[in-house]
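Here's a quick tour for anyone meeting this structure for the first time. Have a look at the model, then read on.

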Amino acid sequence: MDWDQLLNVATHYLQDYIRVNTVNPPGNEIEGAKFFKKVFDSESIPCELFEPSQGRGSLLAILKGNGTKDPILLLNHIDVVPVEKERWEVDPFGGIVKDGYLYGRGALDNKSMGIVEMMALLILKREKIPLKRDILFFAAADEETGGRWGIQWALDHIPLLKQSAYALNEGGYVMLDETGRPDRYEVSNAQKVILQIKLKARGTSGHASMPHSDNPNVKLVQALEPLTKWETPYHILPTVKDYFLKMAPKQPAREREFFEDIEKGLRDPSFSVWLTSNPIFNAMVRDTISLTVLQAGSKVNVIPSESTATLDCRLIPGSSKEEFLKRLKGRLGDEIEVEVIAEGQSHPPSSLKTDLFHAIDRFAAESDPGCPVVPLLLPGATDSRFLREKGVITYDFCPFRLTEKELMRVHGNDERIAIENLGFGMRMLVKILKDVAT
Ligand SMILES: [Zn+2]
């Protein structure tokens, strides 16, 4: 394989793909799906467009195997989040290459993954690798606003997707330390469960010159105060225990023993304060609550008749929703109305005892000896939750190397990917696919 030439091709494809504006809303993913169709058609790889709603297009491409094993699904999403154009150094839809990076909305989330997955199919086809399982490529619409017109629709209407033994989707990365050395491979096999809640306080409106005791703003603020101080109990999943155990050798001597047995560690008051001051670690060990929207009043001299707040809660898979709500209501008191406005399903973590996980493990051992492959409980939600619901073993893992600083550009300004990452990603994905599909 001429990897330099392939890198060149992949870079040009990603530039073109970024130039297709798929900001969601409205998405208009059909244009992105057509981009892929053109490439797959030119390479004689069968593919099909789907457009369940005007403009909301997805695409499935299939590289056929002999069927002795169930398919593996390479998932990516076409839509991107909006931009604050004036805050960008470059045109976010220009596909601009500068100083070894390709800039643009979707450069990380998630257009680069789409391109690398597409390239993997092209490479395996050109190399005429005999496959034991189909490799499915699915570029989905509507990930950024919930998946209704993308993966959710597809799982209900394209039976082949559900037959996949495995799926690879966005989520974890090969994380680099500050010096740029590989620190860990984060493969997410589970995610927190969404529980979004609206709170409402009612009262009596009136002239602000005559304060009274039935002001809904005061009631809401007072009720929220104990809630924001709530230290929810720790709930450690075996996969999270394993994560900290694998991270232990990298810790300073004092922390190491606590990482080796995180439940014991969290019983140490000073260690637990230190650990939970890290937002990601904190999200991995407990149910969390973020106060996100406060709405009340519209004029300085008017006491309103109601005020509302929304909470974005994320529960550990397996936590009882009912118990959580009961405790939450107990803290808020009787005067606040509680309404669940969105809730996800809880799915057990995907098993790590699989060919696919071992293939990632083997790649890591060869490419970055001593670098652990750790199972991540993802604080956020991805399309993978719908696949796990159908019983597909799904890992959230992008084959790219990133520092935490670069990762912060996801959904932010000047999102970019190092060009060399496209080469690394293609090599890794092709190797892994050869491992699990031949
Ligand atoms: Zn994404």
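Let's start with a strand pair: β5 (residues 101–103) runs antiparallel to β17, with 3 bridges between them. Strands count as paired if DSSP finds at least two bridges between them. Keep in mind that this is a predicted model, where local features need pLDDT of at least 70, side-chain atom pairs count only at pLDDT 80 or more, and totals for chains, interfaces and linings use all residues. Residue numbers start from 1 along each chain as its sequence is written.

- Strands (E, at least two residues) and helices (H or I, at least four) are DSSP runs, numbered from the N terminus.

**The sheet and its helix**
- Leu102 sits opposite Ile417 in β17.
- The open sheet has 3 strands, ordered β4-β5-β17, with antiparallel pairing.
- At the edges are β4 (97–98) and β17 (416–418), each pairing on one side only.
- Helix α16 (residues 419–437) packs on this sheet and touches β4, β5 and β17, its direction making about 65 degrees with that of β17.
- Those angles run from 0 to 180 degrees between N-to-C directions, with axes fitted to C-alpha atoms, for helices over the stretch in contact.
- Contact means that C-beta atoms, placed from the backbone, lie within 7 Å.

**The two domains**
- Domain 1 covers 3–190 + 348–437 and domain 2 covers 193–343, with bounds from an automatic or database domain assignment.
- Their centres, taken over C-alpha atoms, are 32 Å apart.
- Domain 1 puts 12 residues into the contact and domain 2 puts in 13.

Conventions: Contact = placed C-beta atoms within 7 Å.
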